[in-house]
Amino acid sequence: MATGQVVLLNPGDHIYTECLGGSYYHHGIYVGRGLVTNPNTGKTRTITNAVIHFLGLDKEGKVKKTKPECQTCFYKPKGPGIVLTCLDCFREGNGLYRYEYDVSLLSFNFKTSGSCTPWSCSDPNTVIKRAYDYLRDQNFGDYSFVFNNCEHFATKCKMGKARCNQALWGTGLPGAMVYNVARRLTKDILW
């Protein structure tokens with residue numbers, strides 16, 4: 001499927017939405033049905049369009065805490081971490097797209113950073129299990145816009161390896177090479 005507006009989602013899909021007018025993308029794993037708990041009453045409810053995603057900080061380096069609690073999934077921003085929300089909370093009214101896997105290297109060089117990868121992905125059940133394991137254990141690490149963000153989370157769930165094409169300095173293979181060198185050079189400093 002070409003990158004673009006998603007019409008039909010399947011559990012295990014890596015999805016993304018535009019932020020700040022398309023200046024960057026927020027990524028997550030669509031899991032289909034999900035169980036949510038109302039923090040006020042302790043009652044649980046199944047929602048039909050659930051997404052597990054890794055939240056970081058807003059553009060000012062702060063946690064968004066001004067949104068009211070969602071009546072569908074009970075989500076209310078609390079801070080960085082892995083969360084399960086409804087699709088509407090994930091999108092926040094923006095366009096929704098499916099991330100592509102197994103694209104040709106030629107296509108990868110010309111597509112928008114953060115929209116695809118030439119790598120293969122795991123089967124949907126494995127992807128969903130990984131996402132729920134990270135949600136349960138909250139062990140994906142501290143959020144870093146460049147080295148440990150929502151795209152790293154979604155690609156780790158999909159491939160078993162964290163990758164981020166969106167944070168590349170440049171696009172395609174040259175950007176991927178610069179990013180990987182920078183990640184290796186700063187790994188001991190940042191982690």
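Predicted model: local features only at pLDDT ≥ 70, side-chain atom pairs only at ≥ 80, totals over all residues.

Let me begin with Cys73, whose sulfur has that of Cys70 as its closest cysteine sulfur, at 3.7 Å, which is too far for a bond, a disulfide being a pair of cysteine sulfur atoms within 2.5 Å. Residues are numbered from 1 along each chain as its sequence is written, and side-chain values use heavy atoms, with hydrogens and water left out.

Cys73 has a relative accessible area of 3%, so it is classed as buried; that word means under 20% relative accessible area, with exposed meaning over 50% and partly exposed what lies in between, for a 1.4 Å probe and protein chains only. Cys164 is in no disulfide either, since the nearest cysteine sulfur, that of Cys150, is 7.4 Å away, and Cys164 is also buried, at 2% relative accessibility. Across the whole structure, the search finds zero disulfides.

Now to the rings. How many aromatic pairs does a search of the whole structure find? The number is eleven, where rings of Phe, Tyr and Trp (its six-membered ring) pair if their centres lie within 6.5 Å, and planes under 30 degrees apart count as stacked, over 60 as edge-to-face and the rest as tilted. One of them joins Tyr16 and Tyr97, with centres 5.4 Å apart and planes at 25 degrees, so this pair is stacked. Tyr16 belongs to strand S1 (residues 14-19) and Tyr97 to strand S5 (residues 96-98), so the pair ties together parts that are 81 residues apart in sequence; helices (H or I, at least four residues) and strands (E, at least two) are DSSP runs, numbered from the N terminus.

A second pair, Phe54 and Phe153, has its centres 6.5 Å apart and its planes at 55 degrees, so it counts as tilted. Here Phe54 in strand S3 (residues 44-55) is linked with Phe153 in helix H4 (residues 150-159), 99 residues apart, and both residues are buried.

Finally, Tyr16 and Tyr97 return as members of one aromatic cluster, together with Tyr25, Tyr99 and Tyr101.
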